[in-house]
Amino acid sequence: MAADYRNISVEVDDGVATLTVDRQEVLNALDVRTTEEIAAAAIALDADPDVRAVIVTGGGDKAFVAGADISVLVTYGPEQGRRAAAAGQRAFDLLERMGKPVIAAINGYALGGGCELALACHIRIASERAKIGLPEINLSIIPGHGGTQRLPRLVGKGRALELICRGQPIDAETAERIGLVNQVVPHEELGAVTQALAAELASKAPIAMRYCIQAVNEGIETSLVEGQVIESTYFGLCCATEDKKEGMTAFLEKRQAEWKGR
Ligand code: COA
């Protein structure tokens, strides 16, 4: 699998996969191939039962992803633009819909498509050096990989419109204050903190983990009443698993549970 990738790398170690966007000469900017590789990796990682958590990060020390590749964008007419935006949306949807936790380790600039990539992840941890924003307005375009939709869901409409309409990136501390990132850490600790979080999440019961993510993802797009039907349905499905029996038996026997993923 990994051999086919040119602009990303994927490494799996002890249940944790690390997907690194790696075009350092352009600060990991996304071109069509890179977006397609992210989509292919998301499908493969979701299907791999040995992968229990995923970290998404950027190659090098300067950028997570500095946006869509402007040297490609400049050539687009309307139909190419629409298709490219839709392809990016599909790739990031695949990440968001993964049935295992996806953590963005934001190691530097996360601009435009880079910010949108981070928004599609389930949890965001930022280096104190991170700069995060949607600067598309400064190029006379709008965010096209889900940013106008995911950002207001995460930080509220007012904050999102300020970020989108001003096009001014914010620092990591501000991003944490408004809820755009979960945690800010010293730059040199980013790898260790995200690895530890991924390992913790990878140790949880995999089927219940998938249902936690699906219940939140699916419920947030619907009404409270419908969302709670989704929740109770997944709750019921958890009750059909061997792991539910094991988890509760282990608690009552005061021992560590051993998950089977069944
Ligand atoms: N698309 C294409 N190339 C990009 C890029 C992008 N989104 N972001 C950076 N690069 C390239 C630069 O053109 C430069 O290439 P060069 O060495 O051939 O000149 C290289 O990456 C390094 O970037 P540079 O601008 O020299 O670094 P910097 O530290 O001065 O500035 C940024 C860093 C992130 C502030 C700046 O690169 C930038 O504003 N990038 C565009 C961000 C953006 O608008 N993204 C949204 C696109 S829709």
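Me: Is Asp14 buried or exposed, and what makes it so?

Reply: In this predicted model, Asp14 has a relative accessible area of 76%. The term exposed applies over 50%, so Asp14 is exposed. Asp14 belongs to the loop between strand E1 (8-13) and strand E2 (16-21), and its phi is positive, about 55°, although the residue is not a glycine.

Me: Why does Leu27 count as partly exposed?

Reply: Its relative accessibility is 27%. Buried means under 20% and exposed means over 50%, with partly exposed in between, so Leu27 counts as partly exposed. Leu27 sits in the loop between E2 and helix H1 (32-47), and it too is not a glycine but has a positive phi of about 55°.

Me: What of Gln24: how does it count by relative accessibility?

Reply: Gln24 has 42% relative accessibility and therefore counts as partly exposed, the range being that between 20% and 50%. Gln24 is placed in the loop between E2 and H1. Neighbours within four places in sequence aside, Gln24 is in contact with Gly59 and Gly60. Gln149 is 125 residues from Gln24 along the chain, and the C-alpha atoms of the two are separated by 28 Å.

Me: How do you know how H3 and H4 are oriented to each other?

Reply: Helix H3 (residues 78-96) and helix H4 (residues 113-120) pack at an angle of about 30°, and their axes are 8 Å apart. Angles under 35 degrees count as roughly parallel, and H3 and H4 are therefore roughly parallel to each other. On the H3 side the contact involves Phe92, Leu95 and Glu96, which meet Gly113, Glu116, Leu117 and Ala120 of H4. By class, 4 residues of this contact are nonpolar, 1 is polar and 2 are charged.

Me: Why is H9 described as it is relative to H10?

Reply: The axes of helix H9 (residues 206-219) and helix H10 (residues 224-238) cross at roughly 170° and come within 9 Å. An angle over 145 degrees counts as roughly antiparallel, which makes H9 roughly antiparallel to H10. H9 contributes Ala208, Tyr211, Gln214, Ala215, Glu218 and Gly219 to the contact, and H10 contributes Gly227, Ile230, Tyr234, Leu237 and Cys238. The contact of H9 with H10 has 7 nonpolar, 3 polar and 1 charged residues.

Me: What makes the buried residues of H6 line one face of the helix?

Reply: The buried residues of helix H6 (residues 157-166) are Ala160, Leu163 and Ile164. Viewed down the axis of H6, they fall within an arc of 95°, so they line one face of the helix. Gly158, Cys165 and Arg166 are exposed on the other side of H6. Helix H5 (147-155) and strand E9 (170-171) are included in what covers the buried residues of H6. Just after H6, Gly167 has a positive phi of about 65°.

Me: Which residues have the most contacts inside the largest nonpolar core?

Reply: They are Phe64, Ile106, Ile132, Leu151 and Leu180, in a core of 46 residues. Residues up to four places away in sequence not being counted, Leu151 touches Leu119, Leu134, Gly156, Ala160, Leu163, Ile164 and Leu180. There is also a second, separate core of 15 residues, including Ile103, Ile125, Leu197 and Ala202.

Key: Residues numbered from 1 in each chain as written. Predicted model: local features only at pLDDT ≥ 70, side-chain atom pairs only at ≥ 80, totals over all residues. Heavy atoms only, no water. Axes fitted to C-alpha atoms, helices over the stretch in contact; angles between N-to-C directions. Helix = DSSP H or I, 4+ residues; strand = E, 2+ residues; numbered from the N terminus. Parallel < 35°, antiparallel > 145°, perpendicular 65-115°, else oblique. Contact = heavy atoms within 4.5 Å. Nonpolar A, V, L, I, M, F, W, Y, C, P; charged D, E, K, R; others polar. Buried < 20%, exposed > 50% of the residue type's maximum accessible area, 1.4 Å probe, protein only. Arc of directions from axis to C-beta. Core = buried A, V, L, I, M, F, W, Y, C linked by side-chain atoms within 4.5 Å.
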